[in-house]
Structures are given as structure tokens and as C-alpha cells.
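Me: I would like to go through this model by question and answer. Please show it first.

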Amino acid sequence: MRIIIIYFLNGTWLKKAMEMGSYTLATLKRGEKGIIKSVDTSDPQVQRLMVLGLVEGAEIEHTNSAIGGDPIEFRLFGSGISLRQEHARYFQVSPIVAGG
Amino acid sequence: MAKPAEIRVSPDKITVRRGIQATVAVVGNPNSGKSTLFNRLTGLKQRIGNYPGVTVERHVGILRWKDTQTELVDLPGTHSLSPHSLEEQIAVDVVLGRMEGSRRPDGLVAVLDATNLYQGLFLLQQLVDLEMPMVVAMTMNDAAMQGGIKIDIEALSAALGGVRICPVVATSGAGMDALREAIASLPETGPTQRLSVWPELTRAAEKLCNIAGESLRLAESERLLVDGITERNQSFATGLGSETEALLHVLREEIFSGKPPISVEAQVRYDWVRKTLASVQQSLPPFQGWRSRITRFVNQPVAGTIGLFLVMAIVFQAVFAWATPVMDFIDATTATVGASIGDALGENAFSSLIADGVIAGVGSVIIFLPQILILFLFIILLEDLGYLARAAYLMDRTMRSVGLSGQSIIPMISSFACAVPGIMATRVIPNRRDRIATIMAAPFMTCSARLPVYALLIAAFVPPHRIGFLNLQGLVLFGLYMFGIVMGILTALLMRKTALRGPKPPFALMLPEFRRPNLQTVFFQLLGRARIFLRRAGTVIFTVAVVVWALAYYPRSDDIRPAADKQIAIATETLTGEALDGEIRKINNLAAATQLEQSWLGRAGKVVEPVFRPLGWDWRVSAAVIAGFPAREVVIAVLGTVYAVGDDADEATLSSRLKSSSWPDGSPVFTLPMVIGLLIFYACCLQCAATLAVIRRETNTWRWPVFAWVYMTTIGYFGALLAFQVGTG
């Protein structure tokens with residue numbers, strides 16, 4: 001839903017939303033794709049997740065979630081990986097709008 | 001345990017041109033098909049041991065190719081050379097040659113999953129930079145093809161500095177001979193060419209090497225820069241000298257400028273991986289096979305969870321029900337063999353030792369095998385299928401609310417059948433604290449051995465009142481199951497808040513696509529489980545069984561048997577037929593009861609009676625409870641002997657005898673509060689030598705089994721005390 005709204009608004013709103021940091025892996029909706037823009041590495045657990053390939057520039061898709069929306073399953077370079085909500089928040093993403 | 005190669009080569013093998021001339025480590029990401037490949041390469045010629053001081057298994061096998069023999073070591077999976085779990089650390093230590101008791105491998109087989117080059121190439125870069133002889137075994141090529149992934153192997157090899165890549169299909173065996181050839185010729189292969197995708201790190205590492213001198217290799221220096229001097233690499237870092245250490249700190253500050261080193265490394269290396277992937281891998285639209293369709297279906301939140309409950313119900317049913325006929329058969333066979341040997345040897349101490357001690361002891365070990373084998377067949381199949389990670393993912397939120405993680409679900413459910421396989425199944429939990437919390441909670445689950453005791457006591461003493469459409473007896477049984485669950489959860493929570501306090505592990509599970517399980521791997525792993533149980537836990541269980549036999553057998557009284565024989569002789573004169581048989585049985589049962597009363601066990605029952613008096617137990621109940629500590633299921637047989645109805649008495653006879661049992665003043669022993677207390681005691685108490693032996697085996701210390709025993713017994717005692725005192729008072 002959000003994606004559709006954003007699609008019809010122009011790009012400035014999207015840029016603003018990104019700058020405000022409102023887009024993280026946790027806010028990505030099912031079926032949405034994004035590119036990791038920055039990682040908050042203050043948490044040592046997040047550093048371990050980077051070793052699994054969740055780094056800046058990686059393209060990632062929210063494919064599914066367990067009941068209650070936590071943990072979330074992502075697709076990262078063809079492989080499934082699941083993260084808890086609490087950890088997903090550390091990854092800022094810029095959404096890839098379908099078709100663009 | 002580290003130098004089997006030299007010891008094992010027998011003199012006749014020296015004439016062979018080359019014996020075991022190289023040790024090669026098999027290293028790769030978790031779930032990269034490493035174990036399947038290892039089994040394919042070594043076949044039956046493998047041994048399973050433990051790394052010194054830890055519970056991580058060491059799999060070693062021999063690869064024979066033409067006239068060479070290569071020793072292969074299957075390492076635990078790892079994502080990086082900066083370890084974060086015990087398993088990863090072992091893998092890294094072996095590869096770097098700093099594992100106590102193992103020498104540095106002569107070469108590496110790097111296992112690369114073709115469907116997951118992204119993570120695979122991250123580790124591979126680090127491995128290539130070690131400058132060791134190496135061959136890459138690329139697995140899952142069939143799955144990659146179906147997923148629309150096309151890999152340019154020559155380009156990939158070139159990107160990795162020319163290292164040899166052997167694509168294999170481990171399930172069908174395609175490409176295996178080329179791989180075998182490559183492994184066998186590793187000693188003649190030169191070291192890999194460094195990629196040095198991170199020039200800053202390499203330059204700093206060179207500086208460090210110049211100061212440290214010969215002892216520090218370049219790759220080690222690089223790892224030291226990334227990891228710093230930690231608890232884990234201390235042995236490796238000592239002897240560097242203060243000058244080198246000072247330089248290390250300066251260089252680390254220079255490269256990382258305050259940022260976390262492993263995240264910087266991840267960023268640099270994955271940037272390289274992404275660039276490389278673009279030139280060596282082509283992604284075509286994936287083929288929509290049954291795998292992706294099933295995967296998509298079971299990933300839906302609701303459907304997936306329902307599916308998980310179905311799977312667990314089947315597993316539970318299998319462990320609970322399918323194992324029962326086999327267990328009954330083992331039980332009956334043990335009894336028959338024991339009895340016939342007992343008859344053949346006559347009535348003496350040796351015969352009793354063999355029949356009631358040794359054979360019953362062996363029986364009490366192998367009786368666990370059906371449940372263990374069935375449970376592990378399912379677990380291994382589900383793991384190979386790629387479902388286990390998914391189950392953990394689906395249950396994570398629920399299990400987290402009780403202080404555990406998703407991976408605890410299978411061990412917990414299995415423990416309802418038997419805690420022994422349940423505790424063995426905790427291996428799937430990577431985090432040590434979660435794992436031990438699960439092990440501590442598992443024995444509270446109502447196992448199948450508690451059921452007969454529950455059934456006997458409930459049938460005898462709980463009135464079958466109807467409450468609405470429910471039956472009070474059924475309600476009590478249900479209550480006992482719930483009681484076990486609640487106690488287990490409270491224990492896990494308590495442990496995670498106290499002794500096992502610590503950060504929650506990052507829950508990042510790789511969720512593989514479904515793949516067809518490899519039956520050979522399943523078989524080998526199943527065999528390994530059974531072997532470990534028999535060897536490590538079996539010896540303890542057997543010893544305890546023999547000790548308990550001795551306690552119940554000694555000291556012999558010289559008067560009991562002759563007295564009983566005299567009575568039988570008198571009975572023979574006055575009675576015939578069935579009446580005689582019944583009388584003889586009665587006399588024998590009474591003699592057995594008298595013997596037990598004055599055995600060490602009976603005396604122990606009397607000695608501890610004051611302790612259990614506040615619980616409303618007399619010496620008979622106390623003796624039966626003590627006898628039940630090695631294995632709670634024997635309590636019925638002991639009660640049968642103590643109450644002189646024979647150790648194979650049916651439930652009705654025994655329960656009527658229990659009902660009429662009374663204190664010297666004539667008041668009944670088995671009152672409702674006392675029975676409720678006894679049930680609570682059974683629900684809590686860790687009366688199972690097998691469980692203790694398995695906890696010892698799985699935690700690799702006696703501390704945890706001792707703690708579990710004391711903890712559970714204390715709770716059981718005070719629970720029973722509370723029930724009796726409140727109920728009676």
C-alpha cells in the first residue's frame with residue numbers, strides 16, 4: 001500500500017522519508033525490495049549479521065514472516081535468511097520501487 | 001587423539017608406496033553440503049571423536065584414491081575466520097593450526113554451495129589468503145541449475161587466483177572422481193595465490209610480520225588485526241612481545257578508526273563478492289519446481305505454523321507409539337533371557353548378578369535405542385530436507401517468550417516421549433546458554449516412563465468423579481502434564497535470568513530451500529547417534545543398574561531361603577494343584593519381600609524414612625523411591641516386591657495392596673494428599689540415570705547433571721511436602 005502511494009507521489013517525498021530514517025528492514029513490507037543504505041553497528045549482534053552478508057549495497061527482499069510478523073524472512077542473493085524485528089531495525093534501506 | 005595416522009599404519013602398509021601422507025581439512029559454510037560430501041569421500045572408513053575438552057565432534061575419515069591415502073577432517077561449518085560460536089572457533093583453530101593436539105592441515109577442501117555463492121565467496125576469500133594448498137568442491141550444482149543460476153567456473157577460478165574448482169553432485173556422485181584426484185594430489189599442489197582484496201589490511205599485516213619475525217605468518221597477522229587479542233586467540237598471540245602488541249594497537253586504530261573491525265571486514269569483502277558475482281554468475285528466471293512451490297507454501301505464517309504442528313504431531317506420535325512395540329519386545333526378551341539364564345545357573349549370587357544385574361542392565365540401555373533411532377531419523381531427515389531451520393523460525397517468537405529460542409522446540413517436544421533423545425537433540429541449538437537452559441527444562445516434560453507410575457497411582461487413589469464432561473482421573477493426568485510444562489518453562493526462565501544470563505544470540509537463521517535428503521548421510525548420522533549413546537551414556541546406565549542390583553541383593557540372609565523352603569515343603573504335603581502353586585508363589589513373594597527389607601536398599605529405606613516421614617511415606621515407599629532413582633520405571637517392580645506381590649504383579653493386585661497398606665497405628669499410608677505429593681515428586685524428580693549420563697555427555701561436565709539432580713529433587717521433595725502437609729493439616 002505504502003509503495004503505491006509513494007509511487008504516485010514524486011521522488012522528493014521518498015527521499016525525505018529515507019533521510020528521516022523511517023525505512024529500515026523492519027518497515028519493509030512483504031514483497032518489497034530494498035538496498036541496504038547504512039548499518040548501525042553499535043550492537044555487536046548486528047556486526048555478526050554483517051558477516052552473513054547484510055552490508056551496505058546488498059539488495060534484500062522481504063519474502064515472509066512468522067505469525068505476528070516476527071521473525072521476518074528475507075531473500076538475500078537467492079538465499080533465505082530470517083531476522084528478528086529488533087535486529088532488522090538497525091538496517092536502513094532505500095526501497096526499490098517496482099519497475100523503477 | 002591427534003596422531004592416529006602414525007599409530008594406525010600397520011607394518012604391512014609401509015610397503016605400500018605411500019601411506020597416509022596428508023591431512024586435509026574440509027571447511028565450508030554451515031549447510032553447504034559439507035557432511036554429505038565428506039561421507040561420499042570417506043564412506044565407512046571414518047571415526048567420530050571429540051575435540052579435547054569440548055562437546056564438538058571430530059569426524060575423521062580416510063580417502064583412498066589409487067595408491068594414496070589422505071586423512072580427511074570434517075570441520076564444523078563456519079561463515080568466517082572470525083569465529084563467534086564454539087563450533088566456528090574449532091573450525092578456525094584447526095584450519096589455522098592452533099588446535100590443541102592437531103597439527104596444521106596440509107591442505108584444504110573448501111566446500112562452496114553453488115546456490116549460495118554470496119556467503120560462500122566471503123569465506124573463500126579468507127581461505128585463499130591463507131596460502132595453503134586448496135581445492136574448491138562446488139556442491140548443489142543440480143539445485144543451482146534448477147534455481148536458474150548459471151556459474152562460469154573458469155571465470156570464478158580466475159577471480160579466486162586460479163584455485164582449482166571441482167563441481168560435484170554429491171547425491172549422484174557426478175564429478176566425484178575429479179575431486180578425489182584433486183584432493184589426493186593436494187600435497188603436490190602449490191599454495192593459493194593471495195587475493196588481497198583489502199590492501200590496507202595486508203600492508204598493515206606485513207608491517208606487523210616484520211616486527212614479530214618468523215613466528216607470525218601473514219594470514220595470521222591479518223586475523224590478529226581483525227580480531228584483536230581476545231580470550232580466544234590468546235595462546236596464539238602470546239609470545240608476540242610488547243613491541244609487536246603496541247604496534248598491533250596502533251595499526252588497528254589506523255585501519256578501523258574506531259569502527260567495529262568485523263563489520264568493516266564484512267563491508268570490504270562483500271563489496272568484492274558482489275562485484276565478482278556480477279561477472280561469474282548469471283541468474284536466469286528460476287524454474288518453478290516442487291521445491292520452490294512447497295517452500296513458498298510452508299512459509300506463509302498461518303499455513304506454515306499449522307504444517308509445523310502437523311509435522312511435530314507425527315514425530316511425537318512416531319516416537320511415542322512406534323517405539324513401544326519394539327521396547328516391549330526388548331523388555332520381554334530381556335526378561336526371558338534373564339529368567340532362562342537364571343534357571344540354568346541355579347539360585348546363587350552369580351546367577352542373580354547375570355540375570356538381574358547384567359542382563360537387566362544391558363536391557364535398560366538398549367531399551368532407549370528405539371526412541372533414539374526413531375526421533376533422530378526424523379530430526380536428521382528434517383534437517384537434511386531443510387525444514388528444521390524453518391521450524392525454529394516459525395516457533396521463535398513463542399519460545400522467546402519463555403526465554404528460549406526457536407531451535408528449542410524439537411528437543412522440548414521430543415522430551416515428552418523421553419528426555420534422553422530430547423537432550424541429545426539440543427545439538428541443533430547453536431547458543432550454549434540456550435542449549436543448557438533447554439537441557440535443564442527438558443527432564444520436566446512428562447516422559448513415557450512416568451506414565452505407568454501416574455497411571456497406577458491415579459487409578460488406585462483418585463476417585464473417578466465426573467466433573468461436567470470431564471473425568472477427575474483424566475483431569476489429574478492432564479494436570480500433571482501441564483505441571484511438567486510449567487515447571488520446565490519456569491526453570492528455563494530462571495536459568496536464563498541467573499546462571500545462564502547473557503545476551504540473546506543474534507537470531508539469524510539461514511533458511512535453505514527444500515532439498516532431497518541423502519540417505520547415505522542420514523544413515524551415517526543415525527549410526528553415529530546410536531554409537532555415541534551406547535558408548536558414552538550406556539556405560540553409566542549399565543553401571544548404575546548393576547549397583548542397584550547389588551544394593552537390593554546384599555547382604556543375603558541365611559535364614560530366609562531355608563525358612564521359605566520349609567514352608568513350601570509343608571505346603572506341598574497339604575495342598576495340590578493350583579492351590580499349591582498359589583501358595584508357593586505367596587511364600588516366594590514373601591521371602592523376596594523379607595530379603596529386600598533387610599538388604600541395603602531396604603535398610604536405606606528405613607534409614608531415610610524420617611526424611612520422608614513429613615511427606616507421609618513409610619519405609620516401603622521410601623525404598624521404592626530410592627530404587628527408582630536410576631530409572632523411574634522400576635518403581636512399580638520394586639513396589640511389587642516390597643509389598644510381596646511379586647515384581648511382575650498386575651496393577652489391580654498391587655493397587656489393592658497399596659490401598660490396604662497401613663502405619664503401625666492402623667491409619668492408611670496411601671491417603672489422597674500423600675498420593676498427590678507422591679505424584680508431584682515423580683513429576684519433578686530426576687529419577688533417571690540415563691538422563692543424567694546424557695546431560696553429562698552433552699555438557700561435558702558433571703556440574704550440570706549434579707545441579708539438575710539436586711534442583712529437581714529439592715523441588716520434588718518440597719512439592720510433595722507441601723501437598724501432604726496442606727492436604728492433611
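Me: Which strand of chain A pairs with strand 12 of chain B?
Reply: This is a predicted model, in which local features need pLDDT of at least 70, side-chain atom pairs count only at pLDDT 80 or more, and totals for chains, interfaces and linings use all residues. Residues are numbered from 1 along each chain as its sequence is written, and chains are lettered from A and ligands numbered from 1 in the order in which they are written. Strands (E, at least two residues) and helices (H or I, at least four) are DSSP runs numbered from the N terminus, and two strands pair if DSSP finds at least two bridges between them. Strand 12 of chain B has three bridges, in the antiparallel sense, to strand 4 (residues 79-83) of chain A.

Me: Which helix of chain B gives the largest share of the side that touches chain A?
Reply: Residues are in contact if their C-beta atoms, placed from the backbone, lie within 7 Å. By that rule 36 residues of chain B are in contact with 33 residues of chain A. Elements giving two or more residues to the chain B side include helix 5 (117-128), helix 15 (301-345) and helix 18 (388-400). The largest share, seven residues, comes from helix 13.

Me: How many residues on the side of chain B that touches chain A are nonpolar?
Reply: Ala, Val, Leu, Ile, Met, Phe, Trp, Tyr, Cys and Pro count as nonpolar, Asp, Glu, Lys and Arg as charged, and the others, Gly among them, as polar. This side of chain B has five charged and 12 polar residues, and its nonpolar residues number 19.

Me: What is the average pLDDT of chain A?
Reply: pLDDT is the predictor's confidence in each residue, from 0 to 100. Over residues 5-13 of chain A it stays under 50, and the model has four contacts beyond four places in sequence for them. In chain A 75% of the residues score at least 70, and the average is 80.

Me: Why is B:Phe416 classed as partly exposed?
Reply: B:Phe416 is found in the loop between helix 19 (409-414) and helix 20 (419-424) of chain B. Beyond four places in sequence, its contacts are B:Phe316, B:Met445, B:Thr446 and B:Cys447. A residue is buried if 20 or more other C-beta atoms, placed from the backbone, lie within 10 Å of its own, exposed if 12 or fewer, and partly exposed in between. B:Phe416 is partly exposed because the number of other C-beta atoms within 10 Å is 19.

Methods:
Two residues are in contact if their C-beta atoms, placed from the backbone, lie within 7 Å.
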